[in-house]
Structures are given as C-alpha cells and as structure tokens.
Amino acid sequence: MDAGGTTTRALVTTLTGERRGEARSGGANPNTHGPEVAAERLTEAIGSALDRAGPGARDAVAASVVGLAGYSGLRDVSVRARLDKALAKAGLNPTGEEFSGDDTVAFASGTSERDGTILIAGTGAIATRIEARTRGRSADGMGWLIGDEGSAFWIGHQAARETARQLSRGGDLSPLARTVAKRVIPGQRPSGPDQWPEEHARNFARTLTAAPPISLAELAPLVSEAFLVGDPAAVVIVNAAAGHLAQSVHQVRVPGEHLPVVLSGGVLTRSGPVREALTHKLTMGTGAPVLLAGSTSGGAAWLAALRAGASERDVDLHGAFTRPEGWSGD
C-alpha cells in the first residue's frame with residue numbers, strides 16, 4: 001500500500017508481480033487526517049483490494065508493506081495500535097513490521113538499489129536519504145506554512161503573488177497572471193470610476209484567502225503551461241522551484257556521490273519544466289542517475305515480495321511490480 005496524504009492505493013500481487021486486486025480510498029496520513037479517519041481509509045482500500053483479488057486472498061497473504069505518509073505519527077502508541085487494528089479489520093494479520101514511510105516505497109518504485117535519495121514533490125516536498133531501504137536523514141517536509149519549498153503549494157503561492165502584483169498595476173496581464181486570475185475570479189474586471197486596479201487585486205486576494213490555503217497547489221500546473229509559452233515570471237518560478245528542490249536533495253547527500261535519486265510526486269511526474277530544470281541541477285558535475293518513480297503501490301508490493309523471499313537482484317521482477325499504472329508493455 002501507498003497511503004499518501006491525498007490518496008491511498010492498495011495492491012495485491014503474486015510473488016511474481018501479477019496484479020490480482022487494486023483499490024483506492026482517500027488520504028490516510030494520521031497527522032493530517034487524524035488516526036480514526038486514516039484507519040478507516042486503510043481498512044477500506046486494503047479490504048477492497050483483497051476482495052477483488054478473489055476468494056482465499058486473505059489467507060494467502062505472505063507479507064505486507066504499507067508506505068505511510070505521516071509515518072512519524074506512529075511514535076504515538078495509541079496511533080500505532082489504531083492503525084494495526086485497521087489492518088486486522090481489513091483481513092490481514094499484523095506482525096508489527098508492516099509500516100514504513102511513503103518515501104521508502106516511492107524510492108523502491110524507481111529503483112531496485114538499496115541506497116540513494118528520494119525526492120517527493122507533490123502538494124508538499126521532502127527529500128530523504130535511503131539506506132538499506134530504510135529512512136535516513138531528511139530535508140524540508142516542514143509543511144506549507146514554513147517549508148515545502150518547490151512543492152505545488154509553493155509554486156501556486158508564487159503564481160498567486162505574481163498575479164496580485166500585476167493586477168494591482170493595471171494594464172495587460174502576462175499569460176501566467178491571466179490564467180491564474182481567470183481561475184480564481186473568472187469574469188471579474190475593474191469597472192467604474194472608483195474601481196482602482198489595486199482594489200481588483202485585493203478582491204483577488206480576498207477570494208484566495210477565503211479558500212483553504214493548501215488549495216493554492218491547484219495553481220501549480222498553470223505555471224508549467226505559462227513556462228512553455230515563454231512567460232518570464234513562470235520561468236523564474238520554475239527555476240526557483242527546481243533550485244529549492246535541488247538544495248533539499250543536496251542536504252541529505254554526500255558531495256559528488258553517484259547513488260541514484262528517485263523523483264516522485266505530482267510536481268515531478270507531471271511538470272516537465274520543473275523536472276528538467278531539477279535534473280540538470282542534480283546531474284551537474286556528478287552524473288548521478290536521476291530516475292522517475294513508477295507505481296508506488298507496486299514499490300510497496302515489491303518490498304513485501306522481498307520479505308517473502310523474492311530476489312532483490314532480479315531487475316525484471318522489480319519492473320513487473322513497479323511499472324506505472326496503465327502500462328501495457330507496448
């Protein structure tokens with residue numbers, strides 16, 4: 001399972017990577033949603049995946065791995081007990097070794113190596129050093145209020161600030177500001193003798209303030225689109241995001257090391273401009289391999305298969321587990 005902050009994905013496979021049952025539910029980060037909600041969503045996803053795997057699937061489970069966003073929350077004994085109970089309710093027999101961080105399964109989805117670095121940049125952002133497939137040092141992951149630099153939230157926040165600046169000046173908007181304003185305050189324009197441009201900008205800001213702050217992350221794709229048409233502000237934001245993400249990676253690595261870096265999360269899997277700028281910064285001077293994450297629930301299933309005796313040196317087997325969703329082999 002990959003139990004993220006937004007989506008929980010459960011996957012049941014054979015020890016050869018054949019997919020037998022898959023299911024999804026809402027985010028299961030116990031720090032964000034609380035242990036009760038997280039537990040319900042774990043039970044829902046696991047139970048549904050096992051149901052789809054067919055009769056006898058629960059009795060046939062050889063090993064389980066749950067990559068959990070908010071893994072630090074398990075330090076609370078009551079939270080751990082509640083999530084263990086959620087696994088049992090879904091039909092598993094918890095051994096106390098099921099849970100790991102979502103960063104470890106994301107790393108495993110991108111490489112069969114034991115050591116390296118995982119960078120997750122989605123709504124938030126964190127870089128973690130992986131040592132013998134366990135979590136080592138990490139950088140950022142401080143949340144949207146004081147950290148997560150280079151994340152979708154950070155990118156969207158920068159886009160909103162740039163749009164407010166342009167609205168307050170009046171005149172024509174750049175491609176980025178125009179699309180952001182259209183998304184936030186569609187159809188609204190300054191009008192009347194008392195409608196100064198700065199009041200239009202304040203209305204834009206009030207509209208954003210009335211929504212949950214994290215919803216700024218939804219503006220991030222607009223920056224990539226504006227980058228592709230040469231918007232100067234979008235170019236600055238993309239390069240700054242890549243710089244922040246690269247800095248987080250460098251904080252957990254030894255200078256000049258050649259261990260792989262795996263990129264995961266929506267910003268890096270769906271934003272070509274940020275990914276390309278970041279890859280250039282990470283490979284400059286080292287040539288370290290930069291890899292894109294595959295199926296993260298598949299990465300968790302592969303780690304479970306290793307616990308059940310599968311060979312970690314079988315690269316083809318790793319690929320069978322971690323091929324991206326929708327991959328047909330063509």
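**Overall fold**

Mentor: This is a predicted model. The protein has 14 helices and 10 strands.

Trainee: How does the radius of gyration sit against the globule rule?
Mentor: The radius of gyration is 22 Å, close to the 20 Å that the rule gives for 330 residues. So the protein is as compact as a globular protein of that length.

Trainee: And what does the C-alpha trace span along the principal axes?
Mentor: About 75 × 45 × 40 Å.

Trainee: What share of the residues is buried?
Mentor: Buried residues are 48% of the 330. The accessible surface comes to about 15900 Å², with 51% of that belonging to carbon and sulfur atoms.

Trainee: Switching to helix α5. Is it enclosed or open?
Mentor: Largely enclosed by the rest of the structure, because eight of its nine residues are buried. The helix covers residues 102-110.

Trainee: Which residues of α5 are buried?
Mentor: Asp103, Thr104, Val105, Ala106, Phe107, Ala108, Ser109 and Gly110.

Trainee: How many aromatic pairs turn up in the whole structure?
Mentor: The search finds one. It joins Trp144 and Phe153, with ring centres 5.4 Å apart and planes at 50°, so the pair is tilted.

Trainee: Is Phe153 buried or exposed?
Mentor: Phe153 is buried, at 6% relative accessibility. Trp144 is partly exposed, at 36%.

Trainee: Last topic, charges. How many positive and negative side chains?
Mentor: There are 33 positive and 35 negative ones. The centres of the two sets lie 2 Å apart.

Technical notes: Residues are numbered from 1 along each chain as its sequence is written. This is a predicted model: local features need pLDDT of at least 70, side-chain atom pairs count only at pLDDT 80 or more; totals for chains, interfaces and linings use all residues. Side-chain values use heavy atoms; hydrogens and water are left out. Buried means under 20% relative accessible area, exposed over 50%, partly exposed in between (1.4 Å probe, protein chains only). Helices (H or I, at least four residues) and strands (E, at least two) are DSSP runs, numbered from the N terminus. The radius of gyration is taken over C-alpha atoms; the globule rule is 2.2 Å times the number of residues to the power 0.38. Accessible areas come from the Shrake-Rupley method with a 1.4 Å probe; for residues, only the protein chains shown count as cover. Lys and Arg count as positive and Asp and Glu as negative; His and the chain ends are not counted. The place of a charge is taken as NZ of Lys, CZ of Arg, CG of Asp or CD of Glu. Rings of Phe, Tyr and Trp (its six-membered ring) pair if their centres lie within 6.5 Å; planes under 30 degrees apart count as stacked, over 60 as edge-to-face and the rest as tilted.
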